[in-house]
Amino acid sequence: MTASVLLAGCDTDQVSLATNAKANQPVPPKLIAAMAEKDMDLQSPILVRLFKQEAELEVWKQTRSGQFALLKTYPICRWSGDLGPKVREGDRQAPEGFYSINPSQMNPQSAYYLSFNTGYPNAFDKALGRTGSQLMVHGDCSSRGCYAMTDEQIAEIYSLGRESFFGGQKAFQLQAYPFKMTPVNMAKHRNNPNMPFWKMIKEGYDHFEVTRQEPKVDFCEKKYVFDAAKPADAKRDPVFDASAKCPAYVVPEEIASAVREKQQQDETAVARLVAKGTPVARMNTGIDGGMNKVFAAKIPEGSTGLSEGAEGTTLQMLAMAKAPGTIPGHVNPPKPNLDAVASAPAPQEEPVVAVPATSTRVASAQPAEKSQDKSGEKSGGFFSNLGRKMGLGTADTTATTTPPQATASVAPAAATPTPTTAASRLKAAVTRFVPGHDKPKDAAKDAPKPAVAAAKPAEPAKPDTRLAQTRPALKPSLSDGAAESGQMAGAAPVVSSNSFDSRFGAMK
C-alpha cells in the first residue's frame with residue numbers, strides 16, 4: 001500500500017511531498033563527522049534557535065547523554081521587520097516565541113528552494129488575536145516576514161530536520177528571539193515596550209540554558225508556561241488553554257531552583273550594567289529588518305540594518321571572506337524607511353534607570369501600530385522622494401519587490417523651531433546611506449558621481465505550488481566547502497535510494 005505525506009507550502013495549504021533531489025540531499029560528510037566528535041547520532045533529535053539582532057540560526061542536536069549540544073551556527077541572510085513579536089498579517093514582522101515543526105510543515109516544493117513553516121500563530125498568538133500565515137524559514141535570501149537563508153544553508157538545515165524525523169522525532173522545537181537573552185542585551189533594551197514579552201520568553205530560554213533539554217511549552221492566561229507538571233496529589237496531567245485560567249501545576253524543583261538562580265544572577269548583572277550607565281539601545285528608526293555582516297559585506301552599499309555589525313571588523317575586511325552560500329542578485333539589504341523617520345518624534349534623551357525585577361510570567365505587550373494616511377500608504381517628503389530615486393527602500397521594500405513611487409508633497413515647516421526636525425533627521429539618513437550627499441556642491445561637481453546600481457525589476461511573488469524542477473536541481477554542501485565571493489561550486493550530491501518519501505512513508 002502506498003503511503004503519502006502532505007506537507008504545508010509557502011502559498012498553498014498542502015502539497016504532496018515530492019521525491020525530488022533537493023529534499024533528499026544527504027547530510028554533508030563534514031557535518032556527520034562533527035556529530036561523531038560531539039557524540040551525536042545522525043538521526044537524533046534537533047532543536048533550532050533564531051536570533052534577530054545577531055542574525056544567527058543555531059541547530060542543536062541531542063547527544064547520547066540525552067542533552068542537547070550546539071552542532072552548527074548559520075548566519076541569517078535576511079530577516080524583516082523590527083525587534084519584537086509579529087502582531088498582524090502584513091506587518092512584515094518575523095515572529096518571536098516558541099513553535100513546533102512537524103513533518104507536515106516541511107515543504108520540498110517551495111518557490112524559495114526549500115522551506116519549513118514556523119507554525120505561527122501558535123496558541124499564545126491566537127489568544128492575543130494576532131494574525132498572519134505562511135511564516136517560513138526558507139532559502140533565496142528574500143524576506144517579507146520570514147527568516148531567509150541561502151539555498152545551500154536551507155538545504156543543509158532541511159536535511160538535519162528530515163533525518164531527525166526519520167529517527168523518530170515527531171516535531172522539533174523552534175525558539176525565535178529578538179537577541180541572545182544575556183544581561184548586556186537585557187540592559188540595552190530595558191526601555192523597549194516589548195520587554196514584558198521578552199522577559200516571558202526569556203524564562204523558556206533560561207530553562208533550556210540550565211537543563212540543555214527541550215523545554216515543554218504550554219499556554220494559559222495568555223502567557224507561556226514552561227516545563228509544567230502535575231502536582232504530587234493530582235491524578236491526571238493539567239489541561240492547558242491559552243485563553244483560560246491556568247490549571248494547578250508545578251515545575252520540577254531541580255529545574256525551578258536552577259532557573260531561579262540563573263535569573264537572580266542575570267538581574268544582578270543587569271542592575272550593575274545600568275548603574276554603570278549602559279546606554280539604552282536606539283529604537284527602530286524605520287529600518288526594515290537585518291542581515292548578517294557576512295552577507296552585508298558582499299553587497300554594494302550593504303548594511304546589517306537592525307542586526308549587529310562586525311565588532312572590531314569592518315564590512316570591507318569581510319568582503320574577501322567566503323560566503324556561506326550563493327547570494328542571489330535580487331537581494332535587497334536593509335535600508336532606512338525615510339517616511340518612518342520623517343513621521344517619528346524628535347529623539348529624546350533616554351533616562352538611565354534600572355528596570356525593577358518582575359515576574360517572568362506576564363502577559364505580552366503589543367507594539368503600537370504605525371500610522372498611515374487614508375489611502376493606506378505612508379506619507380513622504382522631499383528627502384523621502386530623493387531617497388527613493390537613489391535606490392533607498394521603504395519598510396515595504398523586499399528582495400522581491402520594487403519601491404513605490406513617492407507622491408506626497410513636502411510638509412510645511414513647523415512654526416516653532418525644534419532642536420531636531422524631521423527634515424534634519426531625513427537629511428542625516430540620506431547622508432549616511434548616499435555617499436557624497438553631504439559634500440559641497442562645487443566639490444560634488446568635480447568629484448565623479450557615485451555609481452548607483454540599477455535595481456533589476458523584480459518578478460511578482462510566485463505561488464509555492466511551483467514544481468521543484470523549475471529551480472536549480474541541487475546546491476552544493478556548505479560543510480564541504482564554499483566558493484569565493486558568494487558563489488558555490490561542486491557537483492550535485494548523490495541521492496540516497498532510501499529517500500524521504502519512501503522512508504517516512506514506511507514509518508507512517
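**Cysteines and their labels**

Mentor: C246 has a relative accessibility of 17%, so C246 counts as buried, a term that means under 20% relative accessible area, with over 50% called exposed and partly exposed in between (1.4 Å probe, protein chains only). This is a predicted model, in which local features need pLDDT of at least 70, side-chain atom pairs count only at pLDDT 80 or more, and totals for chains, interfaces and linings use all residues. Residues are numbered from 1 along each chain as its sequence is written, and side-chain values use heavy atoms, with hydrogens and water left out.

Trainee: What makes C220 and C246 a disulfide?

Mentor: Their sulfur atoms are 1.9 Å apart, and a disulfide is a pair of cysteine sulfur atoms within 2.5 Å, so the pair qualifies.

Trainee: Why is the disulfide of C220 and C246 called right-handed?

Mentor: The torsion about its S-S bond is about 85°, so the C220 and C246 disulfide is right-handed.

Trainee: How many disulfides does a search of the whole structure find?

Mentor: The search finds two; C77 and C141 also form a disulfide, with sulfur atoms 1.9 Å apart.

Trainee: Why is the disulfide of C77 and C141 called left-handed?

Mentor: Here the torsion about the S-S bond is about -75°, so the C77 and C141 disulfide is left-handed.

Trainee: Is C141 buried or exposed?

Mentor: C141 is buried, because its relative accessible area is 0%, and C77, at 0% relative accessibility, counts as buried too.

Trainee: And what makes C146 buried?

Mentor: C146 has a relative accessible area of 8%, so the label buried applies to C146.
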